[in-house]
Amino acid sequence: TFSAPPPPPVVLYFAFGANLDAAVLARRRLTPSRELPATAPGLHLAFNHRGGFGNLVPSPARPGDPHVHGALQTLTREEWGRVRG
């Protein structure tokens, strides 16, 4: 009997900043199969990552505190490997 192969494994990735830019996605050969607006409460943007890139770090959760806006992207594991570098 013939059975269809299972769908490729996927990773849900919270993209923010430059990783939302179409040119950056193209340069990294990323084509999310799905992308939905999302926020990350309890986190804020910091530039404490090696190389000066933005990074998300925990922040105290208090009513009215800002949160990070971005998108939840569905990537293949191969694409995720390119994101992680």
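This is a predicted model: local features need pLDDT of at least 70, side-chain atom pairs count only at pLDDT 80 or more; totals for chains, interfaces and linings use all residues.
View 1. Beyond its neighbours within four places in sequence, Ala15 is in contact with Leu20, Gly70, Ala71 and Gln73. Ala15 also belongs to the largest nonpolar core, whose other members are Tyr13, Leu25, Leu30, Leu75 and Val83, six residues in all. In soluble globular proteins, nonpolar side chains tend to be buried together.

**View 2. The open sheet formed by three strands.** The strand order is S1-S5-S2, and the pairing is antiparallel. Strand S1 (10-15) and strand S2 (34-40) are the edge strands, each pairing on one side only. From one strand to the next, the twist averages 30°. S1 and strand S5 (residues 68-76) run antiparallel and are joined by six bridges. Val10 stands opposite Thr76 in S5. Helix H2 (residues 77-84) packs on the sheet, where it touches S1 and S5. The direction of helix H2 makes about 130° with that of S5.

**View 3. The aromatic pair Tyr13 and Trp80.** Two aromatic pairs are found in a search of the whole structure. In the pair of Tyr13 and Trp80, the ring centres are 5.5 Å apart and the planes lie at 55°, so the pair is tilted. Because Tyr13 lies in strand S1 and Trp80 in helix H2, the pair ties together parts that are 67 residues apart in sequence. Tyr13 counts as buried, at 11% relative accessibility, whereas Trp80 is partly exposed, with a relative accessible area of 26%.

**View 4. The aromatic pair Phe14 and Phe16.** The rings of Phe14 and Phe16 have their centres 6.3 Å apart. Their planes are at 25°, so this pair is stacked; planes under 30 degrees apart count as stacked. Phe16 has 17% relative accessibility and counts as buried.

View 5. Not counting residues up to four places away in sequence, Asn19 touches Tyr13, Val24, Leu25, Arg28 and Gln73. Asn19 has 17% relative accessibility; residues under 20% are buried, so Asn19 counts as buried. Among the residues touched by Asn19, Tyr13 and Leu25 are members of the largest nonpolar core.

Methods. Residues are numbered from 1 along each chain as its sequence is written. Side-chain values use heavy atoms; hydrogens and water are left out. Two strands pair if DSSP finds at least two bridges between them. Helices (H or I, at least four residues) and strands (E, at least two) are DSSP runs, numbered from the N terminus. Axes are lines fitted to C-alpha atoms, for helices over the stretch in contact, and angles run from 0 to 180 degrees between N-to-C directions. Contact means heavy atoms within 4.5 Å. Rings of Phe, Tyr and Trp (its six-membered ring) pair if their centres lie within 6.5 Å; planes under 30 degrees apart count as stacked, over 60 as edge-to-face and the rest as tilted. Buried means under 20% relative accessible area, exposed over 50%, partly exposed in between (1.4 Å probe, protein chains only). A nonpolar core is a set of buried Ala, Val, Leu, Ile, Met, Phe, Trp, Tyr and Cys residues joined through side-chain atoms within 4.5 Å.
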